[in-house]
Structures are given as structure tokens and as C-alpha cells.
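Dear colleague,

Here is the structure I promised to pass on to you. Please open it beside this message, and then read on for what was found in it.

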Amino acid sequence: MTTTPSRTEPVAADRTGALIAVLVGAAFVMILNETVLSVALRDLSVDLGVPATTTQWLTSGFLLTMAVVIPTTGYLLDRFTPRQVFLTSLGLFTAGTAIAGFAPGFAVLLIGRIVQAGGTAMMIPLLMTTILRLVPAERRGATMGTITIVIAVAPAVGPTIGGAILSGLGWRWMFWLVLPLAALAMAAGARWLRIDGGGRPVPLDVVSVLLSAVGFGGLVYGLSSLGGHGGGGLPPWVSVVVGLVALAVFVLRQLRLMRSDRALLDLRPFRRRQFVVALVLTALVLLSLIGVAAVLLPLYLQTVLGTSTLVSGLVVLPGGLLLGLLGRPVGALFDRVGARPLVIPGAVLMATGLLLFSTLGPGTPLGVVVGFHLVLMGGLALMMTPLMTEALGSLPDELYSHGSAILSTLQQVAGALGTALFVTVAALGSASAAGASPDADGLHAAFAVAGGVGVLAVLLSLLVRRRTVAEAPVS
């Protein structure tokens, strides 16, 4: 098999910084929209005259669209230039924001959210690939740390920002305030984002696109439904089984198409041990970040301690900010010492935080909860940036786009799996009636399972390779 690498011409350091700043800013605004609407679902149900289970599709549909589109971004980044992908991404997001902001009813609002998600899905892989191609390997960790700000902080502060807008203005302003920011980012990208890359005449395999959509879409939908965030009558297990079968066929087809360099998603990154180890650990990190920190902990705060939505949001905010703020410093440390000295203690902290959560009860003070959450977030901060950089940095240039697509797809699947796993355990362990919110016993069981995930992460972290002498930075 022959592959034409997508090389880029050297770019001045000041221009590189400006380009990455534009991409990070755009990605932050776009990822923020994943969660900003979550606090408005009740108001939307009343305002639009639709059931709460229907308005839930405004968030479920967004995530489902992301899961369907992201696997195709490896092909898109090979076939088109970064500028073309960026403008398409921001164009879709801006159009979707406008549609949602001026939507006369629920159906049009849902269409706007789906169009938004289609644009958002392209942005994170584009951001990762651009950093890998523009930034030298010895400075890549610090720059990749900025992605942690997008992945961690934007979803964490989304509900807080959404609540502030909703209390002072109205739900439409969640879109109207974003609209000029999206238009400004698109204009900046149109002017400055002029780097080489892509442009390979790769044919689009429509069968692979359909298999990918059914596979990843079905899997994420089914897992989200198991976790209580679905919204249809189809039994969740049916969707999961159909998704898994479609994914198996998709993988077999990609392996065949790779022989002629026509795969929609090139699977050669899985041949590299560094990539696979980092990918599995990243999955465990995302299970903990989304399933525990974003789902279980707010459930505990609201159902066991009886806090309001605002208070529960404020309790988890310090940890979310810590995770984002440590992204770049941890990335700079990675540039100096490599992944192993950071990932192993990070996994120990992650496991400690998860096990501490299993001690929470009805009388636990909020300050203690904040402290436990900070321990968990500190551990995840030591792991997230080094693992992403280690995984993608182990790949050759021509596989950057596909590695980024695989890593971004993993975020959606791991988030849905974490939610499904821990919410199901909490429900099974609860003594309350079926359909009721999990009680303290059920949440204790779920936190204990999460602790087991943390212990597994510690064991797997020992497989992270040591940095060789040749890779050590020159002082």
C-alpha cells in the first residue's frame, strides 16, 4: 500500500500561535454547546409545549450526531485542506446556531442542534491534527494541553453559563450570544488558516459511511438509553447489538480497503503498542470524567444531599477548572520527562479519588465532596494530556488525521459507556422502586465499581513506555 503523506510547509512561530488560538477558541465555543442547553430542558418543555422526554433529544441528538460524523473526519482531513474543513465546520455550526436561535418550534430547534453538532464533530480532530503538524515534537505536549481546556472546562462550565443566561434572559439567548462569536471565528479562520495538508484524491466509500453511522450511532444511542438519556421506544440492547454487528462489518471492510489505500477510517494506528495502551487508558479516564464526575456525582449531590442544581454545579466547578488549568503545565512536563512519570501517579490519584467517593454518605459535608473531586480531577489532569500526546505522537504524519478521528470517536463511546455502566449499577443497587432516582446504597455500589476502574487504570499505567535517551529533550 502506498500513501502520500500530508506534509505542511514551515509556518512562522507567531503565526502558528495565532492559528492555534483561533482553533482553540472556536472549539471551546462549539464544545460549550454540548452542555449549555442541559439546564434549559425544563423551560423548553414548557415554552415549546413538548414532553420532557422529547426535549431530551436536544442533547441526545447532539451527541448522537457527533458519534456519527466524527469517524468520517479522518477521510475529510485527508481529502480536503485544513482551511476547507475549518470553514465547513464553522459554517455548519454558525448556520445551526442561527436556525436554533430563531426556531419557531421544537422540530426546527432540533434540526439546528443537529447541524451544530455536524460542525462541532469536525473541529476537535482538526485541532489535534493541526497541532501535530505545526508544532515540533519537543513542544507538542504543552500545546496539546490546550485541548484539555476545550475537552474538560467547556463542558464543565456549560451548565453554569447556561443557567446564568437562562435566569437573566431566555433560552434563545444561548444561541444569539454565540452567533457573533462563531461568525468572528469563521472570519478569522478564513483570513489566517492557510496551511498545506489534505488534498489526496481519496474516493469516498459510501458503504463504509453507512456502516459507521449505524455502528457508532447505534452503539452510542443504545448506551445512552441504558444510562437514562435516550428517548425512544426501541429497547436499548437492540441498538447496542445492531451497533456492534455493524462495527464488526465496518472493521472488516476497512481492513480490506486499507490494502488499496481507500479506507474511510485507517486502522493502522492499532498496530502500534504505544497508541493502543494510551487509547485504552484514555478510555478509562473518560469513563471516570463523564460517567462519575459528570453524572454520578451530580446525582449524589441532588438525590442524597438534596442540593439544588446551582449548588451541585458550583461543587464540581473547582475540579473542572483544575483539570483545564493543569492541561498546559502538565503538557510542558510531558515535553521534559515523557508520559510514564506523569501517568502512573495520575492513575494512583484517579483511583484514590474514585475510592474516596465510595465513602460518601448522607451526612458528608460539601467541603469534603469538593476535596475528593479535586483529588480525582488532579489525577485525570496528570493523565489526559500525556496520554493524548503519547497516542498521537507515536503515529507517522499520514496517520495523524485518522488517529485523531479514532481518539475523538472514543470520547463519545466512552462517555456513553461510562454513563450506562455507572447509572445501571446505581439503579440495580438501589432499594428504591424502579424508575426512581438511585438512592445512597445504589450510588455507593456505583462508586465502588468506579474504584475498580481506577485500580485497573493503575495496573495498565505500568505498561506506558519509558522515554528513550534519543527522545529526551536537549537542555
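How are helix 6 and helix 7 oriented to each other, roughly parallel or roughly antiparallel? Before we come to that, please keep in mind that this is a predicted model. The axes of helix 6, which covers residues 82-101, and helix 7, which covers residues 106-134, come within 7 Å and cross at roughly 155 degrees. Angles over 145 degrees count as roughly antiparallel, and helix 6 and helix 7 are therefore roughly antiparallel to each other. The crossing in which helix 6 passes helix 7 is left-handed, and the contact of these two helices is made up, by class, of 15 nonpolar and nine polar residues, with no charged ones.

With that pair in view, we can turn to the whole chain. It has 19 helices and zero strands, and 55% of its 475 residues count as buried. If you take the contacts in the chain with a separation of 6 or more, 83% of them are accounted for by residues 24 or more positions apart. The accessible surface of the chain comes to about 18,600 Å², and 69% of this surface belongs to carbon and sulfur atoms.

Next, please look at helix 18, which spans residues 400-428 and holds glutamine 411. Glutamine 411 has a relative accessible area of 14%, and the cut-off for buried is under 20%, so glutamine 411 is buried. Leaving aside its neighbours within four places in sequence, glutamine 411 is in contact with Ile124, Met128, Ile151, Leu286 and Ile290.

Glycine 403 also has its place in helix 18, and with a relative accessible area of 0% it is buried. Glycine 403 and leucine 267 are 136 residues apart in sequence, while their C-alpha atoms are 8.3 Å apart in space.

Aspartate 261 lies in the loop between helix 12 (236-257) and helix 13 (273-304), and because its relative accessibility is 16%, aspartate 261 counts as buried. What is phi of aspartate 261 near? Phi of aspartate 261 is near 60 degrees, which is a positive value in a residue other than glycine. Most residues other than glycine have a negative phi.

Notes: Residues numbered from 1 in each chain as written. Predicted model: local features only at pLDDT ≥ 70, side-chain atom pairs only at ≥ 80, totals over all residues. Heavy atoms only, no water. Helix = DSSP H or I, 4+ residues; strand = E, 2+ residues; numbered from the N terminus. Buried < 20%, exposed > 50% of the residue type's maximum accessible area, 1.4 Å probe, protein only. Contact = heavy atoms within 4.5 Å. Axes fitted to C-alpha atoms, helices over the stretch in contact; angles between N-to-C directions. Parallel < 35°, antiparallel > 145°, perpendicular 65-115°, else oblique. Left-handed = near helix turned anticlockwise from the far one by under 90°. Nonpolar A, V, L, I, M, F, W, Y, C, P; charged D, E, K, R; others polar. Areas by Shrake-Rupley, 256 points an atom, 1.4 Å probe, with all protein chains shown as cover.
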